[in-house]
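Dear colleague,

Please find below the structure that I am handing over to you, with its sequence. My notes on what was found follow directly after it.

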Protein chains: 2
Amino acid sequence: MPTGRRRPVTGEAAPGSDQRHVMGRPRAADRTPAILEAATDLLGEVGYDRLRIQDVADRAGAGLATLYRRWPTKQALVADAISHYTEGLLVPVQDDPMADLSALYRAMIDKMGGKGGEVLPGLISALRMEPELAEVVRNRVIAPLRERELANLSRVLGADNPFLDSLVDCVPALALFRTVVLGEVVTTDEFLRKMLDLIATLAPV
Amino acid sequence: MPTGRRRPVTGEAAPGSDQRHVMGRPRAADRTPAILEAATDLLGEVGYDRLRIQDVADRAGAGLATLYRRWPTKQALVADAISHYTEGLLVPVQDDPMADLSALYRAMIDKMGGKGGEVLPGLISALRMEPELAEVVRNRVIAPLRERELANLSRVLGADNPFLDSLVDCVPALALFRTVVLGEVVTTDEFLRKMLDLIATLAPV
């Protein structure tokens with residue numbers, strides 16, 4: 001039974017090893033990406049409640065001790081898996097505000113479709129049941145994305161546009177709603193074109 | 001372990017009883033509302049995976065046999081609980097399209113806050129894990145609400161408004177996103193006023 005409490009790091013690391021090095025460039029057989037991807041896949045397949053670290057280890061071909069050394073709790077593992085899954089969403093900012101907004105939205109929508117549509121329900125449920133996980137995911141993954149979205153929207157609409165508050169979150173919220181609530185497959189190009197048309201209409205002329 | 005398979009109706013109903021009568025007006029001590037409310041509460045507290053029919057029976061002060069006679073599966077019970085929770089959302093249509101749209105949105109947002117914010121994550125996870133439940137909830141609860149929203153929006157914006165497609169779902173999607181993803185408490189009045197301002201701006205003059 002998961003207790004929701006943080007397990008202490010067990011100190012099983014081999015003598016002389018420094019776990020921080022695992023965070024840097026991988027050694028020859030760094031299983032980190034495989035482990036995080038296995039965790040994301042399993043979160044989508046079985047949900048957070050039924051996700052077992054042993055199953056993640058098995059799927060990634062890694063030892064259970066290796067996982068527990070690095071991620072003492074399921075929360076810690078899932079938080080890293082979500083971070084890993086959303087890496088690359090903060091696409092570099094260029095000169096054209098509308099193009100930047102479009103690129104960010106495209107990256108978001110693409111992540112929410114496909115595997116995202118499978119992962120999100122389990123993640124949303126986990127955010128509700130595990131407040132510590134929710135805080136980490138909101139601070140580390142969601143807040144930077146939302147900040148970037150707001151910055152891009154401000155450049156398109158003007159920082160004092162009265163609709164800024166209503167439009168921020170609209171695209172990710174709609175992509176989420178249509179995917180997980182309505183069960184639709186969102187077609188990125190069409191959806192994005194319509195949303196950008198709407199935003200452009202609300203921009204000052 | 002839940003298998004996700006539909007349990008057959010067990011045929012435990014008392015001889016001569018007709019289950020359809022239970023669907024009509026309640027007899028003296030009809031526990032149906034209490035059972036459905038207990039199921040909704042528990043869905044919010046423990047999520048779909050850990051929801052046990054025995055716990056619903058205990059909380060509602062009803063017998064397990066009574067529940068199984070009426071709801072042979074957890075899916076069936078949760079589908080009815082969600083229907084019950086969202087009853088009354090289809091507020092009567094009046095003469096003023098904007099007032100009708102506002103009343104519908106207000107009802108939706110109110111249901112998504114409070115207990116709704118607790119129930120939705122578990123429900124979303126259940127929609128993903130239980131396709132049969134998803135189909136029933138989408139057809140019976142979500143589709144009629146969305147149809148009404150689209151009808152109300154069409155009256156405000158005109159049936160050929162190019163933004164109709166982008167605006168439908170916006171209010172419930174944002175309320176959901178801010179509640180379950182961002183973990184915010186949505187203030188109905190302020191949120192609704194801003195969204196209706198935005199919609200009014202896109203209406204033909």
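A helix in this message is a DSSP run of H or I with at least four residues, and helices are numbered from the N terminus. In that numbering, Val171(A) lies in helix H10 of chain A. Please keep in mind throughout that the model is predicted.

**Chain A as a whole**

The secondary structure of chain A consists of eleven helices and zero strands. Of its 205 residues, 38% count as buried. Among the contacts in chain A with a separation of 6 or more, 70% are made by residues 24 or more positions apart.

**The two domains of chain A**

The domain assignment divides chain A into domain 1 (29-87) and domain 2 (92-205). The C-alpha centres of these two domains of chain A are 26 Å apart. Eleven residues from domain 1 of chain A and 15 residues from domain 2 of chain A take part in the contact. On the domain 1 side, helix H2 (32-46) and helix H5 (74-85) of chain A are the elements that give two or more residues. H5(A) supplies the largest share of that side, with five residues. By class, the side of domain 1 of chain A that touches domain 2 of chain A has five nonpolar and six polar residues, and no charged ones.

**The contact between chains A and B**

In the contact between the chains, 33 residues of chain B meet 33 residues of chain A. On the chain B side, the elements that give two or more residues are helix H2 (32-50), helix H7 (115-129), helix H8 (131-157), helix H9 (164-167), helix H10 (170-181) and helix H11 (188-201) of chain B. H10(B) gives the most to this side, with nine residues. The side of chain B that touches chain A divides into 19 nonpolar, six polar and eight charged residues.

Leu174(A), placed in helix H10 of chain A, touches Asp169(B), Cys170(B) and Ala173(B), leaving aside residues up to four places away in sequence. Leu174(A) counts as buried because 25 other C-beta atoms lie within 10 Å. The C-alpha atoms of Leu174(A) and Asp197(A), which are 23 residues apart along the chain, are separated by 15 Å.

Val171(A) touches Tyr105(A), Met108(A) and Met195(A), again not counting residues up to four places away in sequence. Val171(A) is buried, since 26 other C-beta atoms lie within 10 Å. Between the C-alpha atoms of Val171(A) and Glu149(A), 22 residues apart along the chain, the separation is 9.8 Å.

**Asp169 in each chain**

Most residues other than glycine have a negative phi. Asp169(A), although not a glycine, has a positive phi of about 80 degrees. The residue is found in the loop between helix H9 (164-167) and helix H10 (170-181) of chain A. With 22 C-beta neighbours inside 10 Å, Asp169(A) counts as buried.

Asp169(B) is likewise not a glycine, and has a positive phi of about 85 degrees. Its place is the loop between H9 and H10 of chain B. Asp169(B) has 21 C-beta neighbours inside 10 Å, and therefore counts as buried.

**A helix pair in chain B**

H2(B) and H7(B) pack at an angle of about 65 degrees, and their axes are 8 Å apart. The crossing of H2(B) past H7(B) is left-handed. From H2(B), the residues involved are Thr40(B), Leu43(B), Gly44(B), Gly47(B) and Tyr48(B). They meet residues of H7(B) that include Lys115(B), Glu118(B), Val119(B), Gly122(B) and Met129(B). The contact of H2(B) with H7(B) has six nonpolar, five polar and two charged residues.

With kind regards

Notes
Residues numbered from 1 in each chain as written. Chains lettered and ligands numbered in written order. Predicted model: local features only at pLDDT ≥ 70, side-chain atom pairs only at ≥ 80, totals over all residues. Domains from an automatic or database assignment. Contact = placed C-beta atoms within 7 Å. Nonpolar A, V, L, I, M, F, W, Y, C, P; charged D, E, K, R; others polar. Buried ≥ 20, exposed ≤ 12 C-beta atoms within 10 Å, placed from the backbone. Axes fitted to C-alpha atoms, helices over the stretch in contact; angles between N-to-C directions. Left-handed = near helix turned anticlockwise from the far one by under 90°.
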